[in-house]
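The sequence and the model are shown first.

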Amino acid sequence: HGHTTNSYFQPLETWSLPPFVPHRSCFSPFSLSQNQPYNTVEIYIIIGVSSSAMAMLIKSSIFFFLLCLSLANSQSFIGVNYGQVADNLPPPTATAKLLQSTTVEKVRLYGADPAIIRALASTGVGIVIGAANGDVAALASDPNFAGQWVNTNVLPYYPASNITVITVGNEVMTLGDQNLVSQLLPAMQNVQNALNAASLGGKIKVSTVHSMAVLTQSDPPSSGCFNPAFGDTMRALLAFQRANGSPLMINPYPFFAFQSDPRAETLAFCLFQPNSGRVDSGTGIKYMNMFDAQVDAVRSALNAMGFKDIEIVVAETGWPYRGDPNEVGPNVDNAKAYVGNLINHLRSMVGTPLMPRKSVDTYIFALYDEDLKPGPGSERAFGLFSPDLSMTYDVGLSKNGETPVTPITPVTPATPTTPVTPSPTTGWCIPKVGVSDAQLQANLDYACGHGVDCSPIQPGGACFEPNAVASHAAYAMNLLYQTAGRNPWNCDFLQTAMLTSNNPSYNGCIYPGGST
C-alpha cells in the first residue's frame, strides 16, 4: 500500500533452518548462504491487509518455503537394489554414470564388489554393502575375521565411496537355520567393534535385512507383532541396533500380497490406485495402500516390543514387469503403476498413518534384471533398466524428468489364463548333468533364501558332506521343490534341474520326497 519504511515490518518469528539448496521446481525469494551450518530466516507480518488474508498468505508461504527446503534433498529417501546374479550386466563405471543421471541417491549391494564400490566414489551416492549369509558364522566366531572384512571391504574406499550401512546377512531369521540365527547378533557385534576400532563407529551403521515373515501377524497393521519364536533373539538384535543407532531393514512386497489374494480391489490397493481402503479395526485408521499397511505393521511390532525409537528402512520392494503364464500380476502396466506411484507417494512426504510427514528410506528392487536367478520368470524381471542402460519403463527417475507422468491405471485383467494344475509330481528334484558351479551356487542361494531349512547342509549337518556346491545345491533344490508344491515348474531352476524317480539319499542324508 505504498508504505516502505521499516516501521511497518515487525519480525513475527525467527527460525534456524538447515542450509537451503534451491530445488529446480521451487521459486526461492531467499538468498541463503551455504557457508554457514544454519541460516536465519526472519518472517514479517505486513501491516495493511486483512489479518485473515495475511494469516493465510503467511501460512501458505511458510508451507511452500518448507516444502522447498524438504525438496532440496528430496530424493535422499529413494534407493535401488543392485543385484549381480547375472552374466550380462554393464560395467560398474557405466552404472555409476547411469545413477548420476537419475534422482536415485542410494544403492544397496548384496555383497561388497570392489569394482562397484570404486566406481561410485565421489558420486555422493550412499552405498549399502553386505556380508553374505555364508560369512555370518566366521564373523560371529572370529573378531579378527570381522576386522579383516572391514579392512578389505570398507577402509580402502571410505569416505570417497559413501558407505553408509553394512548389512550382516540377508533374511537370516526366516531361513530356518537356528544355528545361523544364533550367530547373527555376535556377527553384527564383531563388525561393529571392527568399525569402532577403525574410528568409523557411528559413521557406518550395522544392520541386517528381514523378510516380512519375521511377523506372525500384520493385518490389521496395529496388530503387527514379531514371531514369538524369534522373541529373545529379535529383542537382543533390536537392543544392539538401538544402542548403535542403526535401522531395522525389512522387505515388504505388495506384489506377493496380491498373488495370495488376486482380486481386483486388492490390485488397486497394492498399486496405490483408487480403492475403498481398508480400516484397521484396532485403530480406526483407514489405509489406502498396501505399502503403508505393511510398513506400519512393522512399526507396530517394533512399538509393541518397546523399540519406538528405531527407524525403519525398506530394504527391498518392487513389482515384476514379466512372469510365467501361470503367475498372477506381473506385467509392465502393473510394474509401472506400483513403482511410479510408490515414488510419487515417497516424494509427497505424506508418510504412513503411524509415521506421518516423513518418507521411509526405500530401496526399489531392482536396478537391473538378474538373468541367472532361478525360480519363476518374475524373479528375472524386476529391473528398472536393461543391460544397455535403457529404461524398462519410465517412472520419472531421470533428472531430465523428475515428475513422472501419472502412471497409467492398468485394466485389471480377467482371471489369468492359468493352466490346469496337474497333480503334484512324485520323485525328487536334482540338478542336470553339466550345470556350472556358478549356476548351482545361484540355485543354492535362491532355495535357501526362500524359507527352506538348509541346516542339514551346514557344517555338522547330516548332508554337509561331501562339502561341494553340487551336493549342497541338489539337497536345497529338492527341498524347495518338495515344499513349494511339487509341480513341474517348481523343479525348473532356469532349466538346470530335472525330476528323478531314483532316491538321491545317502548314508544319513535323507532327501525328502518320493511317493505321495
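## Cavities, a helix and aromatic pairs

The lining of the largest cavity comprises three nonpolar, four polar and two charged residues. Here Ala, Val, Leu, Ile, Met, Phe, Trp, Tyr, Cys and Pro count as nonpolar, Asp, Glu, Lys and Arg as charged, and the others, Gly among them, as polar. The model is predicted, so local features need pLDDT of at least 70 and side-chain atom pairs pLDDT 80 or more, while totals for chains, interfaces and linings use all residues. Residues are numbered from 1 along each chain as its sequence is written, and side-chain values use heavy atoms, without hydrogens and water.

A cavity is a set of points on a 1 Å grid over the protein atoms alone where a 1.4 Å probe fits but cannot get out; lining residues have an atom within 4 Å of a point. Volume is the space filled by probe spheres set on the points, which are joined across faces, edges and corners. Two cavities of 30 Å³ or more are present.

| Cavity | Volume | Lining residues |
|---|---|---|
| Largest | about 60 Å³ | F291, D292, H345, L346, G351, T352, K358, S359, V360 |

Helix 10 (290-304), helix 11 (332-347) and strand 14 (351-352) each give two or more residues to the lining of the largest cavity; helices (H or I, at least four residues) and strands (E, at least two) are DSSP runs, numbered from the N terminus. The second largest cavity has a lining of six nonpolar, no polar and no charged residues.

In helix 4 (residues 133-141), V136, L139 and A140 are buried, where buried means under 20% relative accessible area, exposed over 50% and partly exposed in between (1.4 Å probe, protein chains only). Exposed residues G134 and S141 sit on the face of helix 4 turned away from its buried side.

Twelve aromatic pairs occur in the structure. Rings of Phe, Tyr and Trp (its six-membered ring) pair if their centres lie within 6.5 Å; planes under 30 degrees apart count as stacked, over 60 as edge-to-face and the rest as tilted. Y253 and F256 form a tilted pair, 5.2 Å centre to centre with 55° between the planes. Y253 is buried at 10% relative accessibility, whereas F256 is partly exposed at 40%. F272 and F291 also form a tilted pair, at 6.3 Å and 40°. Both F272 and F291 are buried.

Terms used: On a 1 Å grid over the protein atoms alone, a cavity is a set of points where a 1.4 Å probe fits but cannot get out, and a pocket is an open set with protein on both sides within 12 Å along at least five of seven lines; lining residues have an atom within 4 Å of a point.
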